[in-house]
Amino acid sequence: MATPILETDTLTMRFGGLVAVDAVTFTAQRDDITAIIGPNGAGKTTLFNCITGFYRPTGGALRLFRDGAPVELHHLAGHRIARAGVARTFQNIRLFPGMTALENLLVAQHNTLMASTGFGIGALLGAPRYRRAQKAAIAKAVHWLEVTDLLARADDPAGALPYGQQRRLEIARAMCTDPLLLCLDEPAAGLNPRESEELSALLRMIRDGGCSILLIEHDMGVVMGISDRIVVLDHGRKIADGTPGEVRADPRVIAAYLGEGDEGEDAA
């Protein structure tokens with residue numbers, strides 16, 4: 001039986017008189033890839049920002065299911081949401097361009113490293129516990145560089161990598177936090193067809209490894225090829241929720257993408 005990883009319950013986000021997310025309810029299942037799609041201005045990124053703590057919802061609830069128990073994300077600050085097991089990437093890449101690829105992945109593990117040092121003292125003294133933690137952090141970083149086919153670029157500045165490799169490095173950095181739920185904001189944006197295929201294979205591998213994925217994506221080839229379930233937003237409201245086949249055939253989805261149906265104010 002499927003078990004949930006994330007639940008939104010009548011989630012609402014208002015900016016003054018503008019309702020960007022309007023009472024959206026859906027459930028993402030554990031070990032699934034769940035896509036959130038919709039026309040520009042549908043409220044997708046605003047929804048992501050609520051899930052990951054950049055915005056505090058003005059109504060409704062967000063729950064992450066960790067070890068079967070719900071964690072009320074809407075009550076938590078962003079850094080506590082990350083510690084609960086939610087990681088994300090951004091529509092615009094946010095790496096540390098002057099750091100090497102390896103250093104970007106080590107920075108993602110700073111909480112573990114800092115705890116092992118007694119917040120710096122152990123590192124200064126060369127404590128065995130810190131050396132063990134540092135070795136483990138490097139091993140994890142190397143693992144994700146290998147998985148994303150970036151090991152040969154480990155010592156290159158992140159800002160010097162080609163665009164597609166920067167996309168993969170950002171995913172690797174997120175995975176170094178050991179998330180339960182990986183949230184990806186348009187990971188295929190700007191990729192060529194070969195890079196999109198490589199990305200799809202990487203996301204399937206991450207899903208099959210036990211990390212659930214929630215993604216926003218406009219590339220329908222990627223969405224239909226890898227998603228277990230799709231949630232469709234339009235003007236801040238959920239208009240469809242189902243398998244790729246169900247969503248593809250839904251007349252409300254067809255109308256939304258063709259610009260037909262009710263007129264309404266764009267919702268961010």
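Visitor: What makes H1 count as mostly covered, and how many of its residues are buried?

Guide: The model is a predicted one. Seven of the eight residues of H1 are buried; they are Lys 44, Thr 46, Leu 47, Phe 48, Asn 49, Cys 50 and Ile 51. A residue is called buried if its relative accessible area is under 20%.

Visitor: Where does H1 lie?

Guide: Helix H1, residues 44–51, lies across S3, S6, strand S7 (181–185), S8 and strand S9 (229–234). Its direction makes an angle of about 145 degrees with S8. Just after H1, Gly 53 has a positive phi of about 90 degrees.

Visitor: Which residues are in contact with Ile 36, leaving aside its neighbours within four places in sequence?

Guide: They are Phe 26, Lys 44, Leu 47, Phe 48, Leu 214, Leu 215, Ile 216, Glu 217, Val 231 and Leu 233. Contact requires heavy atoms within 4.5 Å. As to separation along the chain, Ile 36 and Asp 241 are 205 residues apart in sequence, while their C-alpha atoms are 9.2 Å apart in space.

Visitor: How do you know that S3 and S8 pair, and in which sense?

Guide: Two strands are said to pair if at least two bridges are found between them. Strand S3 (residues 33–37) and strand S8 (residues 212–216) have four bridges, in the parallel sense.

Visitor: To which sheet do S3 and S8 belong, and in what order do its strands stand?

Guide: They belong to an open sheet of six strands with mixed pairing, in the order S6-S7-S8-S3-S9-S10.

Visitor: What makes S6 and S10 the edge strands?

Guide: Strand S6 (86–88) and strand S10 (237–242) each pair on one side only. On average, neighbouring strands of this sheet are turned by 20 degrees against each other, direction ignored.

Visitor: Which strands pair with S1?

Guide: S1 pairs with strand S2 (residues 18–29) in the antiparallel sense over eight bridges, and Glu 7 stands opposite Thr 27 in S2. The hairpin of S1 and S2 has two residues between the strands, and Gly 16 there takes a positive phi near 65 degrees. S1 also pairs with strand S4 (residues 59–66), in the antiparallel sense over five bridges; Leu 6 has Leu 64 of S4 as its bridge partner.

Visitor: Why is Phe 15 called partly exposed?

Guide: Phe 15 is found in strand S1, residues 4–15. Its relative accessible area is 35%. Buried means under 20% and exposed means over 50%, with partly exposed in between. The value of Phe 15 falls in that middle range, so the residue is called partly exposed.

Visitor: Of which surface patch is Phe 15 a part?

Guide: Together with Phe 54 and Tyr 55, Phe 15 makes a nonpolar surface patch of about 270 Å².

Visitor: How many helices and strands are there in the protein, and what share of its residues counts as buried?

Guide: The protein has eleven helices and ten strands. Of its 268 residues, 48% count as buried.

Definitions and conventions: Residues are numbered from 1 along each chain as its sequence is written. This is a predicted model: local features need pLDDT of at least 70, side-chain atom pairs count only at pLDDT 80 or more; totals for chains, interfaces and linings use all residues. Side-chain values use heavy atoms; hydrogens and water are left out. Axes are lines fitted to C-alpha atoms, for helices over the stretch in contact, and angles run from 0 to 180 degrees between N-to-C directions. Patches are made of residues with over 30% relative accessible area and no salt bridge: like charges are joined within 9 Å, nonpolar side chains (Val, Leu, Ile, Met, Phe, Trp, Tyr) within 5 Å. Accessible areas come from the Shrake-Rupley method with a 1.4 Å probe; for residues, only the protein chains shown count as cover. A salt bridge is a side-chain nitrogen of Lys or Arg within 4 Å of a carboxyl oxygen of Asp or Glu. Buried means under 20% relative accessible area, exposed over 50%, partly exposed in between (1.4 Å probe, protein chains only).
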